[in-house]
Amino acid sequence: MMRDYFAVQPGKALTGETRVPGDKSISHRAVMFGALAQGSTTVRDWLPAGDTEASLAAIRALGVEIDRTGLTEMTIHGGALHAPNAPLNLVNAGTGIRLLAGIMCGQPFASVLDGSEQLRRRPMTRIVNPLAMMGADITATDGKAPLHIQPVALRGIHYHLPVASAQVKSALLLAGLFASGETVLTEPGPARDHTERMLDAMGVDIAVDHANSVITLKPGRTLQPMDFTVPGDLSSAAFLIVAALLIPGSDITLTNISINSTRTGILDVLREMGADISVQKTGLQAGDPVGTIRVRHSVLKGSDIGGEVVVRMIDEFPIFMVAALAAEGKTSVRDAGELRVKETDRLSVMTAELTRMGAHIAESEDGFVIDGPQTLKGARVHGHDDHRISMSLVVAGLVAAGTTTVDDARCAGDSFPGYAETLTRLGADVSVGVYS
Ligand code: S3P
């Protein structure tokens, strides 16, 4: 495999305006839900990244015709899915495999869902058990992928999710589309709600009782095709936001970003720590409110983080660790044990890599404590084939003394194609190199 790296030089302020690539969660859903709709769904500003391309290829392997009119634009000719003639390979995409498993359980044909070595390490019993309660014939391999699915009739369930997970919730709602009777889910925390918003827009009978965290889906309606324009991904914007907050003289504006409240925990926490971040709502896209976010360099103060906000910023903890190192005083995070079952164990991997840069981080079972401010020194660190680790370490390099090399630049493309170019356009000194 090609070995590439980010080379990072610190010090330059970030200024100017930019967009970021389309939201990853919405892009996965747009191709899958478009495939289920009766008719042609158009998608604009789609995310052409490693994870979402894997979902798109899987949908094509199910016989769905997709006219790719551009890198970020397509028309999906939805309707019936057909038996694939090989295992579906979701590569590194946890969202891809878990959501598609829900859909596959409801089809009148058998399928096998698989992925990379990395994906094969991630827990699948969290979907396999409740899908089996719906009658699905789905078996994992020691609780992991590959998943083997046989066709059977499904029935709706009443289920309380043990973990706040949008992937689990979505897999069950999607299976519920093909079940007899209603599916009623309660969730322990506000996991992202793109599935609910998008299915509702497509005419599915789905009701959300926000006060009691109950979602009720009744099957039977035909999904209507849609025109989706995917908003910018706040999880990608978060790397630029933290970089601008930490580098003196920075002042950046990010346009067209999803500001769905199930995703904005990072903004709430950083603001509480003293961040100068302003958000102006500008419209609605794919069911999400979108807005313009302006960020200026700020001195941050430590904070205590736990409870529901953790769910609303679950993908942002790797970059948040970098922000916490710069904050004055103590920052402690708890209730974030889910980080251990992402693309990597993000608590231990971030702790280990930032330690190479001179950081002192006390890792706990479900979080960490950082006493700041701490100064980082440039080092050679590793992205571990985890896009959010690799991109967070680039930002750490932008505030460290000396040069930082982040081995494994490719993986940033799993969610943020053009990451180095975007940072460079804003004034940072980041380049991609390849080891010979
Ligand atoms: C996602 C849900 C979250 C998140 C992931 C995307 C989704 O995972 O971490 O990046 O699109 O549904 P969990 O459902 O495992 O929390």
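**Reading the fold**

Biologist: How much of the protein chain is made up of buried residues?

Modeller: This is a predicted model. A residue counts as buried when its relative accessible area is under 20%. Here, buried residues account for 60% of the 436 residues in the protein chain.

Biologist: How many helices and strands are there in the protein chain?

Modeller: The protein chain holds 13 helices and 26 strands. Its radius of gyration is 21 Å, close to the 22 Å of the globule rule for 436 residues, so the chain is as compact as a globular protein of that length. The C-alpha trace spans about 60 × 45 × 40 Å along its principal axes.

Biologist: Which residues have the most contacts inside the largest nonpolar core?

Modeller: A nonpolar core joins buried residues through side-chain atoms within 4.5 Å. The largest one has 77 residues, and those with the most contacts inside it are Phe6, Ile241, Leu270, Ile293, Phe320, Leu354 and Tyr419. Helix α7 (residues 234-246) supplies the largest share of this core, eleven residues. A second, separate core has 66 residues, among them Ala37, Ala101, Ala145 and Phe228.

Biologist: What share of contacts joins residues at least 24 apart?

Modeller: Of the contacts between residues at least 6 apart in sequence, 75% join residues at least 24 apart.

Definitions and conventions: Residues numbered from 1 in each chain as written. Predicted model: local features only at pLDDT ≥ 70, side-chain atom pairs only at ≥ 80, totals over all residues. Heavy atoms only, no water. Helix = DSSP H or I, 4+ residues; strand = E, 2+ residues; numbered from the N terminus. Rg over C-alpha atoms; globule rule 2.2 N^0.38 Å. Buried < 20%, exposed > 50% of the residue type's maximum accessible area, 1.4 Å probe, protein only. Contact = heavy atoms within 4.5 Å.
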